[in-house]
Each structure stands twice: as C-alpha cells, then as structure tokens.
Amino acid sequence: MFLEFEITDNEAIRNFTENVITYLSSLTLKASFSKKKGRGDPYLKIAIVPAIIDKVAIKEIIVSYKNIKEIERFIDMLRYFRFNRLSVMSESVIVRKFPSIMTEVWSPSALASAHISLKKLLPVVRNVVCRRKFSFNVKRSAEKFHALLLASLLSGGHRRGISLRQLAAQNLITLLAISNSSDEAIVNNVAKGLAALAADVYVWLPRLYFIKRGVFGSEIHYSLATSDLDSLVEYLSKQEFIERYTEFLEITYEEIKNAISSSLKDNPLKLASEIANKIGDCLRKTVCFEAFSGKRETLLGYYRMVKGRLEEIKGTCSNRDVANGKLVTVLTEQTSLLFIVTLVRELKTKDIILLYTPQVLYERLLLEDFVNYWNNNVSRESQVTVDYIPVPALDPGATYDFINAILSKMNKDTIKCIIARGPMSLALPLTLVAKKNGIQEVML
Amino acid sequence: MKFELRIDRIVPSPTIFPYDMTYSYSDSIREYDGLALVTIEPIVKDVKDEEKTDMWKTLFFIEHLSGDETSKKIVDLALGNPEIVFLSDEKNNASKRMNMLMHFNVLSKRLSEEFARYAEKAFLSKYKRLWNYNYELHNLAFHTLLLAESYRKKIAYDVLKLREKIGTNAPIEVRETVKDIAEILAYAINENISKNTTRNFNKPDKVKSPTVGKILEDKLKEMGHGKFLILVFPQMLRREAIKRLKMQINTLRILIKFIISKTCSPISVRVIGYDISKEQAKHIAWGIKCLNIDSEVLISDNLENLLSKISEKIKEYDKVIIIILQDYNKNVISKMMDYVVSKTALIIVTSEITYSVSESYTKERLVKAYSPWFNEDSEKILEKLDRSKILIYSI
C-alpha cells in the first residue's frame, strides 16, 4: 500500500508545493515558486511508500513530474529538510525523483522493483508490498489541507510531528464543512487522509520507537493512545510490518468513509467523535488488542471529550449571549480549525481571544492560516475574529500575573465566557482570575 | 547618500531553546553572544536627499569568534534565517580557520567596543532580574527572529497587542518583560513603537522581587492556626518515569517541611490517585512518611466516588492547602474548587521545569533549562526561587 498525491493544475501545484515547504520548514521559510507555466500540461505525482531497511522503518518519497517550473528546487528543499534542525521532517524519509511521467513504473505491481532500480547509492529496500494505492486527487482550493497532510506524514515522531498530524486530521474534517459535502472526491480524500494519518500514528510511529527511544521515544510514548506501547512495539517487530500497515489502512478507510456518508458530514464535532470511535474499533480489530485501552484516541479523541461535555459548556457559555461578546480560551497543541468551528457553530461566538504559550508558536501560526481560509470560504454569519495573545506557562506565578493583567484591563461585560483548558499552569490561573472578576468559566 | 548606523542596545547572550523539547530539560539550539538593536539613518547631504530622511530599524545577532566553534557555524548555516555579525578578535587566528564569509570590518570593530561595555555587571543585573522572573517570552521573541518574515510580523503584532492589553496596574516585571520583547520585535519588523525607550533600559534596576518562601510564609500567617489538610494532586506519570516520581516526592517534601515549620499546627496529607495513577499516589504517600505526619492516599477508579471521598475529607478540616504538582485531571480540580470555596484555602501549583539565569556570565551559559526540585535543601530553594516560579493563591 502506498499513498499518492496527484496534481495537474498549475496554480494548485504551486500553492501545494509552497505550503508543503513552509510547513516542513516549521515556518522558517515562506516558500515562493515561479508562477510561470511550463511548456505543456503540468503533472506532479508524489508517492509515499513505507518500507523496511534491515529493521529500520523508512518512508520513500518518489516525485514524478513534468512541465513544472522550479520543481527541482522543491525536491532539493525536501532533501535539505532531513538535516535541518528546525524542520519537522523525519530523518527516516528518503526522497527520490523521476523527471518524467512514468505510468508503467507507477502501477502498484511494478513500484517495488522501481525502487530497487532507483537506488544506486542507497541501501536496498526490502519488504515493500504495493498491492494497492491510495490516491489523492488534489484540486484547487483544497491544496492547503493536502499540503498539511503531506507535511505531517513526512514529519518525525516528536511532539511537533504528532501535533502536526492531529492538526491535519482535524482540519480535514472541517474541509467537509467548508466544501460541498456531496462532492464524492472530497469525501474520499478526507477518508483516505484520516486513514493514512491513523496508520501513521498507530503503526508507523510505534515502529520508529523500536529504534528511536530516549527523549524522542518518550514523546511517542506520551502522545500515543496506548496503555502499553512496549507490547505494541514488540508485536509490530514480530509481525510483517507492511502487511499490518496495509490491513489497518484499508479497514480504517472503509469504516471512516461509511461514517462520513452517514449524514454526519455537516456536523464536524459529531463526525470527529464518531471517527475517533471507529479508529479505536479498527485498532482493536487489526493491530494489537492488548495495547489499546480504548479510552483515548490521539488524532481526534479530544473532540470525543468536547462532545461529551458540550451541554455543560453550552450551559455555561450560551446563556450569556456569547454572540455579542468575547469568548476567552487557550490555544493548545490540539487547537485546530475544528475547535474554532465548534465554538462558532455550537456557541454562536464570533469574537475569540486565544491565549497561547510559546510552546505552541507554530500551531498558533498554522491556525491563523486556516482561520483566514475559513473566513474567505464561508458566509458572513459563520465568520470569526480571533485575537492571539502570548502568555508564559512554565512559571505558574508569572502566568497568573499576565492573565490577571490582561483580563483586569478588559471590560468585564464584554467577556461573556472563559473556557479554561491546556496545561494546569495556564488553565487554573485563568479559572481563578475568571472567578475573581465574576466571569462565567468552564474547565475543559 | 551616506548613512549613519547607531547601536541602540545590545541584548546579552540571547539563548534559543527548542519549544517541542522544553519538558525534556533540553539544551538550547543556539546561544549567541549578543543581539544588537540598531537604527540606520541617512545623513542628509544635499537638497535632493532632504526629503529622504526615513530611518529604519533592524537587528542582528553578534558572535564573538574563537577558534574551536566550527560546529556553531554549521548550526547557523542550518538555521538560515538570522543575520549574524562576527566580531574579530586579534588575539586568535579564528578568522583564518573559519572557511566562510565573515564581516570583519568597521562595524565589527565598533560592535566589539560596545559589546565590552554592555557586558558589564551593572547592565546585566536588570536582564537577570527580568529573565529570572520569566525567560519564556524572551525565548519566544528570539525564536521569532528565526521565522519567515510574514510569520515574524504576526508574532510581533501579537506582542504589540499584548502590550496594549496590559494595564498600568500590572506588576512591574510583567510590564517590563512585555515592553522589552515588544521593542526587540519592533526592531525585527522595522516598526517604531515609542521614542527613546532603549536608552532607559541600560540603567540598572534596584527593585527586588519577593521570593516564593516569603510569599508562602505570609500566606500561611494569614491562614492562622487550626487543623490543616494538604491535598496533593500529582501529575500522572508513566511507569518508567522513576526519576520524575522522585522529583515529585522531593518537591512535596520541600513544600510540606516549609509549611510545617511556618504553621506549627497539626497537618494531614492526602495524595489523590485516580484511575491508572493509583500506584503512583501510593508511592508518593510512602515517600513522605519520613516527615512523620499523617499521610494517606485517597484513590478510586470512579470519578464520582473519588470526588465524594475528597468532599468528605475536606469537611473534617478548617484549613485546606491544595498542591498541584504540574498538572492533573481538570474535571477533578474544577469540582474540588467548589468544595473548598467556603474554607480558608490555599492553592499551590508547581512547575517541574523552568529557565534559570546563571550568576556568573563569563564562566557558564547565562540561561539554562532546569528543574529546581532536584537535590535541594528546602529552606535554601524556597528562599532563592523567584515568586513567579510557583503559583500561590488564597481563596
């Protein structure tokens, strides 16, 4: 099984490649490629093929292209990011290029041998099974979401890489709310993207943990929704890894596609919660039953909790006429467009103040990109204004001082509700300041 | 047209820590020797140039070269974004060894002189006080300098917005921190935020921030005498994190010993264990047995059951102290706040890791990420810690 991104529109190719580079560089680069067209029809295909070299799990990226200006620069940048300290890109990604349309090699049955013929200097890749492919036909206007999906699939097993996967999954669900929900291609792309992310998180990352312990390993350990990562890693190391990956991907895709079709696509919160349940079910069915407690889910599990407490949140916030005031909350690693859309749709809020800590600098910048996209693509009633305010979190005393200083100066009547979430050093001061100033608050 | 370059301020040793690794006590990704905030002004020479009097602000990192720092240069190349001016040092022949472009010119010589002046102790004291209070936002400012220009602007405007939102009644450290980072980022995006603010920063400041020990002592005095209940909510750890469990026990010992010494009242401790953190709670309760106080656990798999146990226990005591070690289930904390609202209560939230500023600028790194709770004697550590490091709040 391999994943394939296919784009044939010149502008979509440019936006897609620019966004991929920007996201992979951790926003240290704002990539800009030429607007000029090539001589013929443009063509770009990017395949992600999971493989094993000795015991090490790697991903091979094969880029096939024709008639695209500056595509070589894009490929060179991808290669460079493997070694850049600020980039999120995983070191276990190998980038190769095909400077033409290689239809016959691109067929799944032939792709494995293409790998072997390509590697002149690199080690021989074994254990590549390409029975099927997951193809994303990237259309104009949805390229931002697909770029984030590709960047997150290429990122490593560290905190920011996992956060990027969560944001990609959550944003894909909101894509359904923005797009025409009867568009079958969008539904398929979203279902495939979510299945690919789930397989990446639950099969790929634990396999990385097999060789990458220490500090990075502990990040995987804390982020994955397993009760016993060690037994999962042991299980995966004994199994045919690629076959487990493929099996899980296929089953999850079918389940997610069915969940989207069952009229939930216009309710992102319910859909996220439902898909989190489906992913949990598929994990227990196909991967390692003992390892998954079923209580948490990494990609969308947070929204299961939000949905569970929605009535309580509504009770606290909706009665206070939130539509005509400000809602204050915290930007965490899991704050994606989905969270903002949930606040807009469920609480009718239009004006949000998001407090963020330096730990989520990149998530804050990504969120603004996607919120702007949302505002440009929905009706005026659904648009939202977000103010981003940085506050510290490692020193709880200082955090209290900052939050107190900010909220004390604001007009109390304009703040209708506070949703205190995120680290306790931030959530608790926010709650205490809210209580002191008589503002309605809920701890999430 | 000629230009004049004015060095407005030099920030000593800006150290950049990676965000995603903060909780791993990570080392910095880069520590420069300085950050220069400069203004470039055209010198009007003839009639044609009279209208072109715009000045612009910019900044760059300063790196004082020594021969064995080749690896740093590789990091600089990988980071890409920040502009660096290398200072020449005639005593060593580093320039010959470094096989890359360097700016050994008039600017470098001028910066060398300024740099020596700024490294004086009196100037550093103000930075030390600010950074001891909170370095995190300064790290945000320095990290922002590595971002692409359009993203750098967004963060700069966030900080300028924060500056507007801070009231004049805010603590002086808050106002000065925000003012300082706003100024650094204003230089980064060539924005004028206020006139002549930089020069004032050079004056050493004599305001001394109270320590955690002093504040905790005052709060305990306010609570008076009576039966004290200490409820402990430890952050859930995974099985292998023995080192962090030891640290939780150490933190608790330090705080409880301090509370005992200042209250002279009977004290009971209950460590709260919920779901899979039950075993951890037992270990912590066992770990503080050496203090010879009544210490037990309150544990349950069921949230309602646990809350009712906590509620019952709180009713038995006059005074309640809640200690949250880093983080805990927000549902439990939220409900528990309702139970203590009619009591004399104190909430303490500790943080496992913070940034510390070194006493000696020349011998070691100025800023490092560390945990204050390892191998420290109680009185010493609480008397040394800046008040910002722990949240102490009376209900």
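I count a residue as buried if 20 or more other C-beta atoms lie within 10 Å of its own, and I keep in mind that this is a predicted model.

Entry on α15(A). I looked up helix α15 of chain A, which covers residues 361-377, and found 17 residues reaching 25 Å from the first C-alpha to the last, close to the 24 Å expected. Under the cut-off above, I noted as buried the run from L361(A) through Y362(A), E363(A), R364(A), L365(A) and L366(A) to L367(A), together with F370(A), V371(A) and W374(A).

Entry on the contact between chains. I found that 44 residues from chain A and 54 residues from chain B take part. On the side of chain A that touches chain B, the elements giving two or more residues include α15 again, along with α6, α8, β8, α16 and α17. Of these, α16(A) gives the most, with 10 residues. By class, I listed 27 nonpolar, 8 polar and 9 charged residues on that side of chain A.

Entry on a helix pair. I then turned to α10 (residues 241-264) and α11 (residues 268-286) of chain A, which pack at an angle of about 150 degrees with their axes 9 Å apart. Since angles over 145 degrees count as roughly antiparallel, α10(A) and α11(A) are therefore roughly antiparallel to each other. Their crossing is right-handed. The contact draws on residues including F248(A) and I251(A) of α10(A) and L271(A) and I275(A) of α11(A), and its residues divide into 10 nonpolar, 2 polar and 7 charged.

Entry on chain B. I recorded 14 helices and 14 strands, with 38% of the 395 residues of chain B counting as buried.

Notes:
Residues are numbered from 1 along each chain as its sequence is written. Chains are lettered from A and ligands numbered from 1 in the order in which they are written. This is a predicted model: local features need pLDDT of at least 70, side-chain atom pairs count only at pLDDT 80 or more; totals for chains, interfaces and linings use all residues. Helices (H or I, at least four residues) and strands (E, at least two) are DSSP runs, numbered from the N terminus. The expected span of a helix is 1.5 Å times one less than its number of residues. A residue is buried if 20 or more other C-beta atoms lie within 10 Å of its own, exposed if 12 or fewer, and partly exposed in between; C-beta atoms are placed from the backbone. Two residues are in contact if their C-beta atoms, placed from the backbone, lie within 7 Å. Ala, Val, Leu, Ile, Met, Phe, Trp, Tyr, Cys and Pro count as nonpolar, Asp, Glu, Lys and Arg as charged, and the others, Gly among them, as polar. Axes are lines fitted to C-alpha atoms, for helices over the stretch in contact, and angles run from 0 to 180 degrees between N-to-C directions. Angles under 35 degrees count as roughly parallel, over 145 as roughly antiparallel, 65 to 115 as roughly perpendicular and the rest as oblique. A crossing is left-handed if the near helix is turned anticlockwise from the far one by less than a right angle, and right-handed if clockwise.
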